[in-house]
Amino acid sequence: MAAKISFVGAGPGATDLITIRGARLLRHADVVIFAGSLVDKKLVHLYATKADIYDSAGMTLSEVITVMMDAFDSGREIVRLHTGDPSIYGAIQEQMEALDRLDIDYQVVPGVTSAFAAAAALKQELTLPELSQTVIITRMEGRTPVPEREQLSAIAQLGATMVIYLSVGMVEKVVDQLLQGAYTSATPAAVVCRASWDDEQIIQCTLSDLAEKVSEAGIDRQAMIIVGDVLAARREGLKAKSLLYDGGFSHGFREGHLA
Ligand code: SAH
């Protein structure tokens, strides 16, 4: 029997950026518990036409689990809807552990995480040959503690592309810590606020004016900070072509021809 409880990634905002599987589960759902602070109500009402709807913003973990348990016991289909992808800062682990303890089965359906919606808004590849082949998903320490070895200043030593969640409200501290790593005040940066929503906002800058531009734009939440040299590739016309499509490069599907 298919799982009756599904943790579903809603995607970054736009109603058509949820997966087909996620939308189908919402259509069949009898109960939907959604993260009202980040998931658009429009999306919930568009797909979940027959469900009882709960906004988890004002609920505790045990209240969420009680709603799930009661619905499960009466044989109903339940969707727990999280923004973006549920595995990234989704706080799903504690819910899944509670269900494990109750011996209740569930499934997880991935979603488009907001970092990738931000990259799409910027029309930017995050991995460019020679510049960076690594993307770090991270956040600045806030009320949620971050392990000492993962402080922003420490991981900034790598100089890779970084996508920084949950931190735009502390942008000055972010810049300060990044400058203690491999980045300089000339390192390109971007902020995408509400990527894929109708009121999406984009800032393109460097670390030297990042904080100022964020404050000018009045952005203090629901925004992604992206830093790294990949962002300069188009701005400065740097050559960052991939070998995959280079005429002289052979791979499993194509013989290369040297010019
Ligand atoms: N699970 C979510 C992240 C939840 S944490 C995901 O995969 O995207 C919430 C943080 O995600 C916000 O502080 C912000 O940094 C980021 N975020 C969520 N939606 C966003 C959007 N549409 N545009 C930019 N950043 C967003």
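A salt bridge is a side-chain nitrogen of Lys or Arg within 4 Å of a carboxyl oxygen of Asp or Glu. I keep that rule at hand for the entries below. I also record that this is a predicted model.

**Entry 1: the two domains**

I began with the division of the protein, which gives domain 1 (5–109) and domain 2 (114–232). The contact draws on 10 residues from domain 1 and 13 residues from domain 2. I then looked up the separation of the C-alpha centres of the two domains and found 28 Å. The size of an interface is often given as the accessible area lost when the parts come together. For domain 1 and domain 2 I noted a buried area of about 860 Å², with 65% of it from carbon and sulfur atoms. How many salt bridges does the rule find across the interface of domain 1 and domain 2? I recorded 0. Polar contact, by comparison, joins 4 residue pairs between domain 1 and domain 2.

**Entry 2: salt bridges in the whole structure**

Side chains of opposite charge can pair when their charged atoms come close. My search of the whole structure returned 5 salt bridges, and I looked up several of them.

One of these joins the side chains of K4 and E77, at 3.5 Å from N to O. K4 sits in the segment before β1 (5–9) and E77 in the loop between α3 (61–73) and β4 (78–82), so this pair links distant parts of the chain, 73 residues apart.

R194 is partly exposed at 22%, and D199 is partly exposed at 42%.

I also noted K213 and D209, whose side chains meet in a salt bridge at 3.8 Å from N to O. K213 counts as partly exposed at 30% relative accessibility, as does D209 at 22%.

**Entry 3: D30**

I located D30 in the loop between α1 (20–28) and β2 (31–34). Is D30 buried or exposed? I recorded D30 as buried, because its relative accessibility is 18% and the limit for buried is under 20%. Its side chain makes a polar contact with the side chain of K50, at 3.5 Å. Setting aside neighbours within four places in sequence, I listed K50, A51, D52, R76 and E77 as the residues in contact with D30.

In helix α5 (residues 114–122) I found A115, A117, A118, A119, A121 and L122 buried. Just after α5, K123 has a positive phi of about 50°.

In helix α7 (residues 171–179) the buried residues are V171, V174, V175, Q177 and L178. Why do they lie on the same side of α7? They do so because they cover an arc of only 165° around the axis. On the other side of α7, I noted E172 and K173 as exposed. The buried residues of α7 pack against α6 (152–155), β7 (161–165), α8 (210–217) and β10 (223–227).

**Entry 4: I203**

I203 and V191 are 12 residues apart in sequence, with 5.1 Å between their C-alpha atoms. Not counting residues up to four places away in sequence, I203 touches A189, A190, V191, K213, V214, A217 and I219.

Conventions:
Residues are numbered from 1 along each chain as its sequence is written. This is a predicted model: local features need pLDDT of at least 70, side-chain atom pairs count only at pLDDT 80 or more; totals for chains, interfaces and linings use all residues. Side-chain values use heavy atoms; hydrogens and water are left out. Buried means under 20% relative accessible area, exposed over 50%, partly exposed in between (1.4 Å probe, protein chains only). Helices (H or I, at least four residues) and strands (E, at least two) are DSSP runs, numbered from the N terminus. The arc is that of the directions from the helix axis to the C-beta atoms. Contact means heavy atoms within 4.5 Å. Domain bounds come from an automatic or database domain assignment. Buried area is the accessible area (1.4 Å probe) that two parts lose on being put together, summed over both. A polar contact is a pair of N or O atoms within 3.5 Å; within protein, one must be able to donate a hydrogen and the other to accept it, and residues adjacent in sequence count only if both atoms are side-chain atoms.
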